[in-house]
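Dear colleague,

I am passing on the structure we spoke about, with a short account of what was found in it. Please look through the sequence and the coordinates below before reading further.

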Amino acid sequence: MNAPQTPTQVSSSKQLLGLFTLLRPSQWVKNGFVFASLLFSGQFLKTDIVYLSFIAFALFCVASSSTYIINDLHDIERDRLHPKKSKKRPLAAGIVSVPAALGILALLYGVLIFGWFIAPEVSMVILVYLIINLAYTFVIKHQPVLDIFTIATGFMLRVYAGAVAVSVPVSDWMFITTLCLALFLAAIKRRQELSQSGTEAREVLTHYSISLMDRYAEMSAIGALIFYSMFVMSEKPQLVVSIPLVLFGMFRYWYIVEQLDGGESPTNVLLTDWQLIVTILLWVGTCGWALWPQPL
């Protein structure tokens, strides 16, 4: 394996791109869960409420990027030995220096501190998210089962932060649906890592098997569909037309995993498969239409 470049050997434009990649902007799509409460509360026509939701979304993007930088700093030596990460991760590839990464990290934390004065309640949720992710980076990601539940907790905190931002209660059904959906995505990610890279991808994979991940994924997918349906029928019956779209989305995602060998990066799948993109847009449009505020 070739030795990584040093930052002095890399052009300034490539270093800037590396700094941007270090933030992993493609992963910001996960923070879309922040908007769940805005959508289901039917307040998406109120400019001030939408503004607060976007503040929560932006702060979560900053927070999630900071956790990725910490993770990359912690795993830099291991990533340099990985056939894919040694080329894709800017720190491991030598495109970005450690001092530069620490400087970006300090800047991100500065933004989060500033955000505390703008949205203190949302920032409290983000603080919990940061603490959990620090524990994940240094300890939990090596613990089987606990690792995927920690990932799922991050999605639940996103939903809760969105609810806090717009001052609405979170349905218990929405919480458990989010948990199941996140466990489904995490189990599929672990499955595909095992399938494509074996146990070399990450240490915790030595405790897993593809068949076990398949069972976890099936259980979580069924749970997500059932709980979402119960949420709709008990609290938002006008959204019953959205259930087939959710079912199709799960079928399509599993097809990509089984037949196209995708799913190691859920965000890449969501951003590149046109059928999933259309399905998500139709689901958002259907929910918006069904929950459109009625004139008084």
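How many helices and how many strands does the protein have? In this model, which is predicted, there are 14 helices and zero strands, so that reading along the sequence gives the pattern α-α-α-α-α-α-α-α-α-α-α-α-α-α.

As to overall form, the C-alpha trace spans about 65 × 45 × 35 Å along its principal axes. A compact globule of 296 residues would have a radius of gyration near 19 Å, and the protein, with 20 Å, agrees with that expectation. Among contacts between residues at least 6 apart in sequence, 72% join residues that are at least 24 apart, and buried residues make up 48% of the 296 residues.

Is T279 buried or exposed? Its relative accessibility is 7%, and because buried means under 20%, T279 counts as buried. When its neighbours within four places in sequence are left aside, T279 is in contact with L245, F248 and G249.

Definitions and conventions
Residues are numbered from 1 along each chain as its sequence is written. This is a predicted model: local features need pLDDT of at least 70, side-chain atom pairs count only at pLDDT 80 or more; totals for chains, interfaces and linings use all residues. Side-chain values use heavy atoms; hydrogens and water are left out. Buried means under 20% relative accessible area, exposed over 50%, partly exposed in between (1.4 Å probe, protein chains only). Contact means heavy atoms within 4.5 Å. Helices (H or I, at least four residues) and strands (E, at least two) are DSSP runs, numbered from the N terminus. The radius of gyration is taken over C-alpha atoms; the globule rule is 2.2 Å times the number of residues to the power 0.38.
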